[in-house]
Amino acid sequence: MAEWNAYYQNEEEDLDGEEGEESGVDYKTTGRDSLVFLVDASKEMFIKEESGELTPFDMTMQCVRSVYTSKIISSDKDLVALVFYGTEQSKNPRNSFKHVYVYHDLDTPGAGRVQDVDGLRGEDGAKVAAKTMGSGKTNLGEALWCCSNLYSDIKLRLSHKRLMIFTCRDSPHEGDSERDRQARTKAGDLKETGVVIDLMHLMKPGGFDVSIFFCDVVSPPEDDAELGLQMEPCVKLEDLKKRVRAKEMKKRSIARLNLCLGEGMNVAVGVYITALQARKPNPIKLFKDNNEPVRTKTRLYHTQTGSLLLPSDTKRAQVYASKQIVMEKDEVDVIKKFSDPGLELIGFKPMERLKLHHHLRSPVFIYPEEEMVTGSACMFTALLKRCSERNVFALCKYTRIRNSPPRFLALVPQREELDEGQAQIAAPGFHGIFLPYADDIRTLDTPQLPTASDSQVDKMKEIVQKLRFKYRCDAFENPVLQKHFRNLEALALDLMAPEEIEDHTMPKIEMMDERLGSLAQEFKDLVYPADYNPEGKTANKRKPAGGAEKKPKVDISEDELRGHVQKNTLHKLTVPILKDACKQFGVKVTGTKKQELIDALTRYFQKTV
Amino acid sequence: MAPSAKSALVLCVDVGFSMSNSGPGQEPPFEQAKKVIQKFVKRQVFAENKDELGLVLFGSDATKNNLAKDGQYQNIYVHRNLMIPDFGLLEEIQNDIHPGGQQGDWLDALVVCMDLLQNETLGKKYDRLNIAVLTDLDSPVSPDQLDIITGNLKRAGITLQFFLPFPMDTDEAGGGDVGGSGPPHGGKGLSREQQQGLDLVKQVMMSLDEEDGLDEVQTFSDAIEKLSVFKHVEKRPMAWPCTLTIGSCLTIKIVGYKAVCEERPRKSWSVVDAQTHQKEDVKRDVVYCVDDDEETEVPKDDTIQGFRYGSDIVPFSKVDQEQMKYKTDGKSFAVLGFAKQSLVINRHHFMGNQILKVFAPKDDEHAGVALSALIRALDELKMVAVVRYVYARNGNPQVGAAFPCIKEKYECLMYVQLPFMEDLRQYTFPSLENNKKYTPSENQLSVVDSLIDSMMLVEENEDGEKKDLFKVNHIPNPQYQRLFQCLHHRALNPSAPLPPVEPWLITALQRPQAVAARSRAPLENMKKLFPLKEVVKKKELKTKQLFRKGKVYRTAVWKQGGLQNNCLETGMSTEQLFGNRDVYRTAVWKQGCLQNSCLETGREGLQNSCLETGRFTEQLFGNREVY
């Protein structure tokens, strides 16, 4: 009986409707992602280049740390390992490999691991590394073999396997062709089992030459048109982090659908989510004696007979005008269905028809799926190119899954953009903007107020110019999330106090005041009369809070109530009166909303008539 | 908040014998009128507002009204006094209202309705009183009291609406083809009574409202069309008063309103017992148990709260969490700085579920001027304010952009949430245009061009006016239209299956016909130039579909052994099903097979076996560990 829980939780999700939409992940790709950091620990890694701020090793460790912490926040089920090669000491599961030091086995990252990596940062970290591992002979082949064992020791299903090599040496075996050959073979073996090998090459005096050795080790790029390796080595930590980040996350489509242009013209596309509000994870319940998680079981049972209820023993109901309307669960689901899943082209509109306020939720991203329908990518590219050049968007009807009601999307073209380092800053594809229906747009009473004069506007312009800054979408961290995870970190690691967070959402008041100087006062003098207090509490027409607020308790007779029920006028009574009435007659109410109170009372009186 | 507005309305329906007359193949006016009031009442019932409704019939065989005496006000029947409409009324309209055999004076009926409205609303507050008259005007009336009647209507603030079977500009010659609602009596044009009645109607309406009075005279068919759309009850927008701050000394009082937000139905489904239909008979029970072999239950009080920190589970009590969490001291709309619109306006970075419009308070001119200066400055500089937004004390802070928005009638700031770093996923996708394999030829591009031309939804007419053929923001959310259609149907026909989607709704969601016709030729050309071939190896998709097929995936529960047997029966080896991941992926079986095997064991069996093993398909398929 243990599993009723899972059962009903599903149903609840269903009732919520579209909530699950965002977490929906392509079935094929579910499974855990895994990532192995294979880091060069040779002496060269600890030498700071003149232009660099950090040693390559230090940079790598910072990068590993940021991946660890971001994994903890965003995908704590993913597995990560940290392995050093070119070490003096050896440490690996069977100790069969020399000069390979498995610092962290392939596992989910936790607080301890973050702390370990912290220990390897900076000058002190370098000392620790020298002491525990040391730098010795390099045998990349052995290291890769060791990593392949790490993967094969994992009993879980892995969906995506990636290995990143961090090094500043383009010729790790210094021309030893035997070791080179061995490394190539092992790399080939790894790739055969589905591991993607990336090179994160760091600066090296005289330049890093990928073609000497590494070009044969790393995986070929995703698409064969791309040049493959990013030829420029990373010099800055920021670049390295960005590069790792871009590779480290596996793209997952939430749906693979047909984009139907017309009868029999189906282009296969994948639907992706590129921005989604990250939320604090839900708490889990623990047994207080041992801090082990407890399982929550929810079940439905019959109040009268006490017997367990199966889903087929229940139906769904809503009450309107005191009449209960009952449907089967299946019917409730199926009335949401309008058409089969897919995107249906309605037509095109000039871009200016997409208004700023056409926004309901974060958009989706659409990219062709050549493997499903060949020819898709070509047609998609043609469409993308012409839509973008002609500055139009495509209007589509979007049905995500079988029983999801349709929404309309504005497909806005985005062409590929690369930065100087040939890294992609904008991916080619369409952004699907959700368009509001008539019901979603609210009519507002707009106040009629005087407008500003030119001199007032000009003064404000000066203020605006003084406080200009360059907005970057990744500049703001979510302080709520950061604080939450710092707290957890502190508790997990027994720190005295959680690490302080820098809250970028707070205005930098002092700096702003300083930049504005006298401008603020000048503007105020222009728009506000002397006796006006713009900070005063909006003392709107709300009556002064007096003792008279408290209304005398009103009792209502049963007859009166019955009359209201019969005439369907219960809503004329106030919530407190309804609540009192419920109490008076012992009517159980499930909520505090007025309608719920009314429903409960109505049911009570109808029964007792 | 202000008390919500309510109105009182009396439907005044002609059921006289002329209403049953119609030309061959035409729907009698009585049936049309009945449809109008049914649709209207249905809408009112589901809107669940406090509007009250009365129903007065005239031309009826029976007489029942307060004014009837001495042979006056005969054949006028007050069917229902002012009340909130309910399903009872709907049923009565469907079953109890029949055409009468008399003639009724519609002016007399109007007087009865006025009397009803005035008596029943006495001492209560309504912000609108309205009478809707549905008649074919084909009965003699005594117009001698017309002035007194209109005078009284005006004094009482009662508005009037007329619904007629024919358009108002029908002349005697017979405008039988106007609007499809032909005149009664077999297309012979209006009768003398009708002509006279129409003049009277015009007179009354013009005297009530000289300018727009005639707009309130509509045909039955127009009304049916308009009433087909369920209107969501307008929510009174909630004001969010706050102050906009720039630095420490510049503040402007503002009020924010939600302007765009996904509207959800107000009611949700509750779970009821299948037999008794009682919500109270079903109880949800939550227990906690330790993850041991016996699944020992533990009381709720013996549990504490914890969070995952990667592989660690950190006990973190609610109290501690509350104390240590990020706190905000109150609502805020604080400018962090100003940025170029072009940098922020990345549409695909808009987050959150709403658009907020920010105004100055209604009665605060000075705030109005100050805000206007900001809006105009931003507009002229093509910039936005990047702000920190906090809805209320201890609400989660957001970073968002406030765009200037200048309309003919008003100015405001439009606020939308922007992403935090944690929200973004920087995916890279393989290049398309730089990939030779996918580069379209000139020919291909030009046919795409012709497709775009043929499918433009915004057209310019001769006067240079732009017309949008497909305005999404004018379409009612189909989900709710369908929901209410089904609820209504089920309410009146509890045992009948649900009806199909209404045709008008299907049409509203489709490519406009004109566009579909125009695009036919370019689409044919595209077909020729762009060969599309479905890849045959779509087996995994089938599997996926199969597992998503709600029923089987979610509810079917059976012993693993049982499944193996079933699979063997259907000629499948378990190996193929579960053996290993890769084989599993390629394993193909017909959807029927699995379903059949489920049917074989029967639902009961499935449920039993589930109880036995407590093993879940969900787990089998959803959870990787099983593999």
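## A hairpin in chain B

Strand β12 (residues 303-309) of chain B is joined to β13(B) by 4 bridges, and the two run antiparallel. This is a predicted model. Two facing pairs can be named. R308(B) stands opposite I313(B) in β13(B). Y309(B) stands opposite D312(B), again in β13(B).

The hairpin of β12(B) and β13(B) has 2 residues between the strands. G310(B) takes a positive phi there, near 60°. β12(B) itself is mostly covered, with 5 of its 7 residues buried.

## A sheet built from both chains

What is the strand order of the open sheet of 6 strands? It reads β11(B)-β10(B)-β9(A)-β8(A)-β12(B)-β13(B), and the pairing is antiparallel. The edges belong to chain B: β11 (297-298) and β13 (312-315) each pair on one side only. In general, strands of a sheet pair through backbone hydrogen bonds, parallel or antiparallel.

Two of the pairings cross from chain to chain. Strand β8 (residues 284-287) of chain A pairs with β12(B) in the antiparallel sense, over 4 bridges. In that pairing L286(A) stands opposite I304(B). Strand β9 (residues 292-302) of chain A pairs with strand β10 (residues 282-290) of chain B, also in the antiparallel sense, over 9 bridges. Here R295(A) has C289(B) as its bridge partner in β10(B).

## The interface as a whole

How many residues does each chain bring to the contact? Chain A gives 239 residues and chain B gives 229 residues. The area buried between chain A and chain B is about 22500 Å². Carbon and sulfur atoms give 62% of that area.

The rule finds 17 salt bridges between chain A and chain B. One of them joins the side chains of R353(A) and D468(B), at 3.8 Å from N to O. The pair falls within the 4 Å cut-off for a salt bridge. On the side of chain A that touches chain B, helix α9 (residues 376-390) of chain A supplies the largest share, 13 residues. That side of chain A divides into 116 nonpolar, 55 polar and 68 charged residues.

Chain B has 21 helices and 21 strands. Of its 627 residues, 52% count as buried. Among contacts in chain B with a separation of 6 or more, 70% come from residues 24 or more positions apart.

Another set of strands in chain B pairs in the parallel sense. Strand β4 (residues 128-134) of chain B is mostly covered, with 6 of its 7 residues buried. Strand β1 (residues 7-14) of chain B pairs with β4(B) in the parallel sense over 7 bridges. Strand β5 (residues 158-164) of chain B also runs parallel to β4(B), joined by 6 bridges. V133(B) has a facing residue in each of these pairings. C12(B) stands opposite V133(B) in β4(B). V133(B) also stands opposite F162(B) in β5(B).

## Two buried residues of chain A

Is H160(A) buried or exposed? H160(A) is buried because its relative accessible area of 8% lies under the 20% cut-off. H160(A) sits in strand β4 (residues 158-167) of chain A. The side chain of H160(A) makes a polar contact with the side chain of R162(A), at 3.3 Å.

L597(A) lies in helix α16 (residues 594-608) of chain A. Its relative accessibility is 2%, so L597(A) also counts as buried, given the limit of under 20%. L597(A) and L449(A) are 148 residues apart in sequence. In space they are 41 Å apart, C-alpha to C-alpha.

How values were computed:
Residues are numbered from 1 along each chain as its sequence is written. Chains are lettered from A and ligands numbered from 1 in the order in which they are written. This is a predicted model: local features need pLDDT of at least 70, side-chain atom pairs count only at pLDDT 80 or more; totals for chains, interfaces and linings use all residues. Side-chain values use heavy atoms; hydrogens and water are left out. Contact means heavy atoms within 4.5 Å. Buried area is the accessible area (1.4 Å probe) that two parts lose on being put together, summed over both. Ala, Val, Leu, Ile, Met, Phe, Trp, Tyr, Cys and Pro count as nonpolar, Asp, Glu, Lys and Arg as charged, and the others, Gly among them, as polar. Two strands pair if DSSP finds at least two bridges between them. Buried means under 20% relative accessible area, exposed over 50%, partly exposed in between (1.4 Å probe, protein chains only). A polar contact is a pair of N or O atoms within 3.5 Å; within protein, one must be able to donate a hydrogen and the other to accept it, and residues adjacent in sequence count only if both atoms are side-chain atoms.
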